[in-house]
Amino acid sequence: MKVLVPVKRVIDYNVKARVKADQTGVDLANVKMSMNPFCEIAVEEAVRLKEKGVATEVVIVSIGPAQAQETIRTALAMGGDRGILITSDADLEPLAVAKLLAAVVAEENPNLVVMGKQAIDGDNNAVGQMLSALLGWPQATYASALEVSGSTAKVTREVDGGLQTLDVDLPAVITADLRLNEPRYASLPNIMKAKKKEIATKAVADYGVDVAPRLKVLKVTEPPKRSAGVKVETAADLVSKLNTAGVL
Amino acid sequence: MAVLVIADNDNAHLRDATHKTVTAAQKISGDVDVLVLGKGAKAVADAAAKIAGVRKVLLAESDALGHGIAEAQADAVLALAGNYDAILVPATSGGKNFAPRVAAKLDVAPISDIVEVVSADTFTRPIYAGNALETIQSSDAKKVITVRPTAFAAAAEGGSASVESVAGADAGKTRFVSEEMVKSDRPELAAAKIVVSGGRAMGSAEEFQRVIEPLADKLGAAVGASRAAVDAGYAPNDYQVGQTGKVVAPQLYVAIGISGAIQHLAGMKDSKVIVAINKDADAPIFQVADYGLVADYKTAVPELMDALSAAGK
């Protein structure tokens, strides 16, 4: 079976985002960018499905600027078979991304879409759910374990209060939580091999999808700063300070 | 203009996140209805009817809704969506699971995890792990919004809305298999007034329980953990506070042996008072802590327990 894995190029998770002085957004000039950590987990899971003989082909898709090609190459070096880059200079909203991915699914006919539960830039946690809704497929979000057998998948999900296990018919959309797996590092030979793998480049216009923004960003601001705290010398001192603050 | 709030519940109890979402809804419109999705959830609907200012409560029940299956939840909401201008869902794991599905079917942009209602079409939400706040204006006629419960006060009790039953929905191509819930007598993490969290420094699950749990019990606090502690198996996943775990904003947050990575801070930096106990004086957690104690938790926590006893706690 074929597995489609959407990946996103985002600010590296270790970088502290800085808000632009003119409040139009976050400054991404000269900032280290990487694959969204949840997308790495999704790629890893798809590659493991291939290693188990469940998946026959792992197709990586990314929507973004030309540099998103590097993100696709990383996924190919981890074990993806080929890539699709849909170039867009605009930062598309989840609704537009879900519609574009639905169009890619219509072309590629995968049996499974595995993707991250959220991107660490927009923190929306929406695209996977929206994609499955647009396709009329079942969804299993926040997966911490995935077991594909025949035409169904058994997915354990991280929910508030514990874990829930669902059984979904394929095709389905699965979104990966942190605990699904530990993504591998791409080895140097695999990075070299990935350079030869095919990446098809497309434009948003090729898909005839309405990607007009529905949300207008009025401003982006820094969160209120916490005032500087104090260091206390002893536990007793701490308790008396907390008593004074009225929080005990 | 009317707003539909989807209740957070476990079929038996109405959760506090619902009251907070009602507060957000009331900033959009005075006409607020609550929809309870569940199975055998009449008591939940009755509890929702007591929230002050709620116009009416709708109760949709089916097996799939009782198990929180997203396909069924979205379908039940969509059946009623025609009557409302906005649909507000608590940003819990259950709410985040089905709300975007509703939005996609309505062809509207979902608005995730709002922390402020600026006006009926303009909202503020955190992005980049809480390192920036964006204010966005929606051009969609109908809005689907998830609400960060910790950012809003709970709506008061004192209402007497009517409860009416509406159609349930089925799960389509999804089947519930099982669930495994963490049993805890402590307050619920997301709603607790005090949270005591432990990090990697604990070194083992036994040590985590030995150090963190008695202190939490003494303070009547919920127990939290950093991702490092959860990944290492010291605490269950459900305890994780942070960008990918729970977002909490208690009166008092006590971080023990937690360095304070960006992703952890995203989940707790709106706490009223933050206390950090860490032996590394340069740990980033001290930059957000109101009170910092540079000490090994092995000596500091017993001393803290004694000091609390001395203070009559």
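Start with the salt bridges: a search across all chains of this predicted model finds 35 of them in the whole structure.

**Stop 1**

Select Asp8(B) and Arg15(B). The two form a salt bridge, with their closest N and O atoms 3.2 Å apart. Asp8(B) is buried, at 12% relative accessibility, while Arg15(B) is partly exposed, with a relative accessible area of 27%.

Now move to Asp16(B) and Lys20(B), whose side chains meet in a salt bridge of 3.0 Å, N to O. Both belong to helix H1 (residues 16-26) of chain B, and because they are four residues apart, about one helical turn separates them. Residues three or four places apart in an α-helix point the same way, because there are 3.6 residues a turn. Colour the pair by accessibility and you will find Asp16(B) partly exposed at 29% and Lys20(B) buried at 15%.

**Stop 2: a bridge between a helix and a loop**

Next, select Asp217(B) and Arg186(B). Their salt bridge has its closest N and O atoms 2.7 Å apart. Asp217(B) sits in helix H6 (residues 205-219) of chain B and Arg186(B) in the loop between strand S11 (174-181) and strand S12 (194-198), so the pair ties together parts that are 31 residues apart in sequence. Asp217(B) is partly exposed, with a relative accessible area of 46%.

For a group with residues from both chains, select Lys99(A), Asp210(A), Arg214(A), Asp107(B) and Asp140(B): salt bridges that share partners join them into one network.

**Stop 3: covered helices in chain B**

Keep Asp107(B) selected and look at the backbone. This residue comes just after H5(B) and takes a positive phi of about 60°. How much of H5(B) is buried? Ten of its 14 residues are, so the helix is largely enclosed by the rest of the structure. Among the buried residues are Phe98(B), Arg101(B) and Val102(B).

Asn97(B) lies in this helix, which spans residues 93-106, and is buried with a relative accessible area of 3%.

**Stop 4: two crossing helices in chain A**

Switch to chain A and show H3(A) with helix H4 (residues 127-135). Their axes come within 9 Å and cross at roughly 50°. That makes H3(A) oblique to H4(A), and the crossing is right-handed.

Follow on to Asn109(A), in the loop between helix H3 (94-108) and strand S6 (112-116). Its phi is near 50°, a positive value in a residue other than glycine, and the residue is exposed at 57% relative accessible area.

**Stop 5: loops and a surface patch**

Gln23(A) also has a positive phi, near 60°. Look for Gln23(A) in the loop between strand S2 (9-11) and strand S3 (33-35), where this residue is partly exposed at 35%.

Then select Leu170(A) and Pro171(A), which are joined by a cis peptide bond with omega about 5°. Pro171(A) is in the loop between strand S9 (162-169) and strand S10 (172-176).

Leu188(A) belongs to helix H5 (residues 188-194) of chain A and counts as exposed at 61% relative accessibility.

Technical notes
Residues numbered from 1 in each chain as written. Chains lettered and ligands numbered in written order. Predicted model: local features only at pLDDT ≥ 70, side-chain atom pairs only at ≥ 80, totals over all residues. Heavy atoms only, no water. Buried < 20%, exposed > 50% of the residue type's maximum accessible area, 1.4 Å probe, protein only. Axes fitted to C-alpha atoms, helices over the stretch in contact; angles between N-to-C directions. Parallel < 35°, antiparallel > 145°, perpendicular 65-115°, else oblique. Left-handed = near helix turned anticlockwise from the far one by under 90°. Salt bridge = Lys/Arg side-chain N within 4 Å of Asp/Glu carboxyl O.
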